[in-house]
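Please look over the model below before reading on. My points follow, in numbered form.

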Amino acid sequence: MTLFVLAFFGCLTLLLTQIGEVLSKVPPIIRAWRRVRNELRRGGPGRPADDPPAPAAPGEAGD
């Protein structure tokens, strides 16, 4: 019985550690995705700075 309890808590600790690792990577992924969207909206890095911004697509106005 003791071995079962130890194994259960070991698995629970491993699961919580893995969930923490995944959740710690979510904010950088969201920031990177926003940077990609902004670059696509502006036309990319090769576009001259004096160009006016590209108009937003009809579905993206509420983002």
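**Notes on the model**

1. E39 and R42 join their side chains in a salt bridge, at 2.5 Å from N to O. The term means a side-chain nitrogen of Lys or Arg within 4 Å of a carboxyl oxygen of Asp or Glu. By this rule the count is one salt bridge. The two residues sit three apart in helix α1 (residues 2–42), so about one helical turn separates E39 from R42. E39 is partly exposed, because its relative accessibility is 30%. R42, at 47%, is partly exposed too. (Buried is under 20% relative accessible area, exposed over 50%, partly exposed in between, with a 1.4 Å probe and protein chains only.)

2. On provenance: this is a predicted model, where local features need pLDDT of at least 70, side-chain atom pairs count only at pLDDT 80 or more, and totals for chains, interfaces and linings use all residues. Residues are numbered from 1 along each chain as its sequence is written, and side-chain values use heavy atoms, with hydrogens and water left out.

3. The chain has one helix and zero strands. These are DSSP runs, numbered from the N terminus: helices are H or I of at least four residues, strands E of at least two. α1 has 41 residues and spans 61 Å from first C-alpha to last, close to the expected 60 Å. That expectation is 1.5 Å times one less than the number of residues.

4. Check V26. There α1 bends by about 25°, and a proline, P27, follows within four residues. The bend is the angle between axes fitted to the seven residues ending there and the seven starting there. After α1 comes G43, with a positive phi near 105°.

5. One aromatic pair is present. F8 and F9 form this pair edge-to-face, with 5.4 Å between centres and 70° between planes. (Rings of Phe, Tyr and Trp, the last by its six-membered ring, pair with centres within 6.5 Å; planes under 30 degrees apart are stacked, over 60 edge-to-face, the rest tilted.) F8 is partly exposed at 46%, and F9 is partly exposed at 48%.

6. Of the 63 residues in the chain, 0% are buried.
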